[in-house]
Amino acid sequence: MTAHAAHYTCYRRGCRRDECRTADRIYRKRAELRRLSGIPGHIAGPIVAAHLRLLTDSGREIRDIAAESGVSVRAIGYILHGQGKVTRPKALAILAVKPLVTSRRIAPTGVIRRVQALAAIGWPIEWMAQQAGIHPSYLFSIIGGRVPAIPRELAARFAAVYREHSTRPGPSQYARSSARRNGWHGPLAWDDIDNPAEQPDVEPDRRLEPTRDELAAIRRAEITHLLAFNLSHDEIAARLDMAPAYVRDIARSIRTDLEKAA
């Protein structure tokens with residue numbers, strides 16, 4: 001059985017346990033002492049609300065603030081929504097909570113640029129989302145500018161994916177073509193990819209592009225992969241932004257190689 005938590009508010013709701021009666025008596029004595037000392041019993045709500053916003057801006061969650069201060073989530077919500085006055089004990093408990101030194105959420109600039117850079121050299125956005133452990137729709141929202149801040153640990157996961165794959169071309173010609181249409185820049189265009197003030201170097205010779213033989217091998221691998229899903233040549237051509245005749249020729253070559261191997 002959970003022990004009864006003695007509190008003056010419990011007494012005022014009708015509880016007549018000795019411990020709650022004592023808590024109420026102590027509360028009233030302290031309130032009278034504050035009054036006689038000229039200490040106000042309440043603190044202006046906007047002051048407490050401003051501190052709460054400082055805490056949340058630093059990355060604090062409301063649940064964490066409630067747990068550390070002992071003030072309920074509901075009471076914190078009332079304060080944030082314009083409560084005029086806050087009892088001194090609640091206000092002091094909230095004001096004692098410190099903001100995080102390092103924010104848990106950061107601007108997505110670095111992630112957006114890394115995704116665009118990897119796409120520019122042929123890495124699919126859906127694949128990047130899978131590597132980072134998030135849903136592709138969330139990643140599309142990030143690069144579309146609809147997510148103002150992201151978890152710091154998510155940015156770290158994308159940085160790791162970028163470090164591993166930014167030095168070699170990816171397999172997707174569709175990703176490469178889409179990036180080109182959108183004006184995205186490859187990894188070599190950035191000296192400091194996380195710096196919001198950094199401007200990309202758009203010189204063509206600084207782009208990381210595959211050789212003709214590498215590109216042919218990449219396209220063949222993509223077509224082979226999609227053929228395994230029984231997609232038509234026209235569907236594959238549309239997905240990879242290739243000419244249907246080219247896809248048919250490669251598919252015929254792949255079938256010939258498989259027949260020879262058999």
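Reader: Why is R12 called partly exposed?

Author: In this predicted model, R12 has a relative accessible area of 49%. Buried means under 20% and exposed over 50%, with partly exposed in between, so R12 counts as partly exposed.

Reader: Where is R12 found, and which residues does R12 touch?

Author: R12 is found in helix α1, residues 8–12. Leaving aside residues up to four places away in sequence, R12 touches D24, Y27 and R28. The C-alpha atoms of R12 and D24 are separated by 7.9 Å, and these two residues are 12 apart along the chain.

Reader: What makes R28 and D24 a salt bridge?

Author: The closest N and O atoms of R28 and D24 are 2.9 Å apart. The rule asks for a side-chain nitrogen of Lys or Arg within 4 Å of a carboxyl oxygen of Asp or Glu, so R28 and D24 form a salt bridge. Both residues lie in helix α2 (residues 18–36), four residues apart, about one turn of the helix. R12 belongs with them, for R12, D24 and R28 are linked in a network of salt bridges.

Reader: Why is D24 called buried, and why is R28 called partly exposed?

Author: The relative accessible area of D24 is 3%; buried means under 20%, so D24 is buried. For R28 the relative accessibility is 45%, which lies between the cut-offs of 20% and 50%, and R28 therefore counts as partly exposed.

Reader: How do you know that E19 and R17 meet in a salt bridge?

Author: The distance from N to O between the side chains of E19 and R17 is 3.8 Å. The cut-off is within 4 Å, so the pair qualifies as a salt bridge. E19 has 34% relative accessibility and counts as partly exposed, and R17, with a relative accessible area of 43%, is partly exposed.

Reader: What makes D249 and R252 a salt bridge, and where do they lie?

Author: Their side chains meet at 3.0 Å, N to O, and the rule asks for within 4 Å, so D249 and R252 form a salt bridge. Both lie in helix α14 (residues 244–261), three residues apart, about one turn of the helix. D249 counts as partly exposed at 44% relative accessibility, and R252 counts as partly exposed at 46%.

Reader: To how many salt bridges does the count come by this rule?

Author: The count comes to seven salt bridges.

Reader: Why is N230 called exposed, and what is the value of its phi?

Author: N230 has a relative accessible area of 71%. Exposed means over 50%, so N230 is exposed. Its phi is near 60°, a positive value in a residue other than glycine. N230 is found in the loop between α12 (212–227) and α13 (233–240).

Reader: What radius of gyration does the protein chain have, and what would a compact globule have?

Author: The protein chain has 30 Å, whereas a compact globule of 262 residues would have a radius of gyration near 18 Å. Along its principal axes the C-alpha trace spans about 95 × 45 × 25 Å.

Reader: How many helices and strands does the protein chain have, and what share of its residues is buried?

Author: The secondary structure comes to 14 helices and four strands. Buried residues make up 37% of the 262 residues. The accessible surface comes to about 15,900 Å², of which 54% belongs to carbon and sulfur atoms.

Technical notes: Residues numbered from 1 in each chain as written. Predicted model: local features only at pLDDT ≥ 70, side-chain atom pairs only at ≥ 80, totals over all residues. Heavy atoms only, no water. Helix = DSSP H or I, 4+ residues; strand = E, 2+ residues; numbered from the N terminus. Rg over C-alpha atoms; globule rule 2.2 N^0.38 Å. Buried < 20%, exposed > 50% of the residue type's maximum accessible area, 1.4 Å probe, protein only. Areas by Shrake-Rupley, 256 points an atom, 1.4 Å probe, with all protein chains shown as cover. Contact = heavy atoms within 4.5 Å.
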